[in-house]
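Take a look at the charged side chains in this model. The paragraphs below follow their pairings.

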Amino acid sequence: MTRRSKIQRGKQVLGFIKSYIAINDEAPTIAEIGEFLNFSSPASVHAILAAMENQGTIKRTRQWRGIIIIA
């Protein structure tokens with residue numbers, strides 16, 4: 001996956017998380033993110049979320065549905 005496509009996927013994930021929280025009042029699960037965006041495995045979602053966390057876009061907690069949007 002190229003850097004450009006990783007950035008695009010990150011934007012898609014962030015958009016989905018924001019929409020999901022607005023509608024459901026809670027963050028999506030890894031499986032829900034992967035299913036909606038057609039990721040082939042949960043590891044792909046984890047990798048994108050880890051990159052987003054390193055960039056300071058989100059924070060993850062150890063709770064169920066523990067994704068908090070920072071930026």
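A salt bridge here is a side-chain nitrogen of Lys or Arg within 4 Å of a carboxyl oxygen of Asp or Glu. Side chains of opposite charge can pair when their charged atoms come close. The model is predicted, so local features need pLDDT of at least 70 and side-chain atom pairs count only at pLDDT 80 or more, while totals for chains, interfaces and linings use all residues. Residues are numbered from 1 along each chain as its sequence is written, and side-chain values use heavy atoms, with hydrogens and water left out.

How many salt bridges does the structure hold? There are three.

Start with Glu26. Its salt bridge partner is Arg65, with the closest N and O atoms 3.5 Å apart. This pair links distant parts of the chain, 39 residues apart. Glu26 sits in the loop between helix H1 (3–24) and helix H2 (30–36). Arg65 sits in the loop between strand E1 (58–60) and strand E2 (67–69). Helices (H or I, at least four residues) and strands (E, at least two) are DSSP runs, numbered from the N terminus.

Now turn to Glu32. Glu32 also forms a salt bridge with Arg65, the closest N and O atoms being 2.8 Å apart. Glu32 lies in helix H2 and Arg65 in the loop between E1 and E2, so this pair ties together parts 33 residues apart in sequence.

What about exposure? Buried means under 20% relative accessible area, exposed over 50%, and partly exposed in between (1.4 Å probe, protein chains only). Glu26 is partly exposed at 36%. Glu32 is partly exposed at 25%. Arg60 counts as partly exposed at 25%, and Glu53 does at 29%.
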